[in-house]
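Open the structure in your viewer and keep the selection tool at hand. The tour below goes from one selection to the next.

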Amino acid sequence: MQETLFTDLATRLRPRLMSLARGILHDDEEAADAVQDALVSLWRMGDRVQQATEAERLAMRITRNVSLNKQKRRSFVVAALNNMSSDTVRPLTARQDNPHENMERQEMERQVNDAIAALPKNQQTVILMHHMDGLSYQQIAAIQGSTESAVRMTASRAKANLMNSLKQPKQEAS
C-alpha cells in the first residue's frame with residue numbers, strides 16, 4: 001500500500017474506527033490506543049492490501065479484534081489491581097467469607113503484590129498513580145514532567161508485564 005493511500009485511508013477511517021473501539025472499550029484513551037495499534041498492523045501488511053475497500057474492511061476487523069483483546073487484558077489486570085491499595089495490597093476486608101475464599105483472595109493479593117514489586121520503578125509508579133490514585137495519564141505526565149504518550153507507553157508496558165507475571169504458573173519451593 002502506498003503511503004499516500006494509507007494516509008488518506010487512515011484519516012478518513014479514524015472516526016469510524018474510534019467509534020467501533022470506543023463502543024467495545026468504553027474508554028477514549030484505550031480506544032485511541034486500539035485504533036493506533038490497528039492502523040500500525042494495517043500499515044505493516046503493506047503490499048498485501050491493494051484496494052481501499054479491502055483495507056477498510058480489514059481495518060475494521062483489526063480494530064475490533066485489538067479492542068476485544070484489550071478488553072480481555074484490561075478486565076484481567078483491573079480485577080487484580082482492584083485488590084490493591086496504595087501499600088500495593090489492600091488488607092482483607094472484615095467480611096466473614098468462607099476460609100477457602102479468604103485463602104484464594106490472599107494468594108491473589110500476594111501474586112499481584114509480587115508482580116508489581118517485580119516491575120521497573122517507573123512502571124510501578126505509573127500503575128499505582130493511575131489505578132490507585134485515580135490520576136489520568138495527562139495528570140501523571142504533568143507530575144513526572146513527561147509527555148502523555150510516554151506515560152501511556154509506560155502504563156501499557158507495565159500492564160503487559162503484569163499480565164505475563166500473573167499468567168505464569170508459580171513454581172513451588174520443594
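Rings of Phe, Tyr and Trp, the six-membered ring in the case of Trp, form a pair if their centres lie within 6.5 Å. Planes under 30 degrees apart count as stacked, over 60 as edge-to-face and the rest as tilted. In this predicted model, the rule gives 1 aromatic pair.

Select Phe-6 and Trp-43. Their ring centres are 5.0 Å apart and the planes meet at 55°, so the pair is tilted. Phe-6 belongs to helix H1 (residues 3–25) and Trp-43 to helix H2 (residues 28–45). The pair thus links distant parts of the chain, 37 residues apart. Now show the surface: Phe-6 is buried, at 13% relative accessibility, whereas Trp-43 is partly exposed, at 39%.

Next, select His-26, in the loop between H1 and H2. Is His-26 buried or exposed? With a relative accessible area of 66%, His-26 is exposed. Its phi is near 55°, a positive value in a residue other than glycine.

Move on to Asp-27 and Glu-29, at the start of H2. A side-chain oxygen of Asp-27 comes to within 3.0 Å of the backbone nitrogen of Glu-29.

Now select the whole of H2. This helix has 18 residues and spans 26 Å from its first C-alpha to its last, close to the 26 Å expected. Which residues of H2 are buried? They are Glu-30, Ala-31, Ala-34, Val-35, Ala-38, Leu-39 and Leu-42. In an α-helix there are 3.6 residues a turn, so residues three or four places apart point the same way.

Finish at Gly-46, which follows H2 and has a positive phi, near 50°.

Methods: Residues numbered from 1 in each chain as written. Predicted model: local features only at pLDDT ≥ 70, side-chain atom pairs only at ≥ 80, totals over all residues. Heavy atoms only, no water. Helix = DSSP H or I, 4+ residues; strand = E, 2+ residues; numbered from the N terminus. Buried < 20%, exposed > 50% of the residue type's maximum accessible area, 1.4 Å probe, protein only. Expected span 1.5 Å × (residues − 1). Polar contact = N/O pair within 3.5 Å; in protein donor to acceptor, adjacent residues only side chain to side chain.
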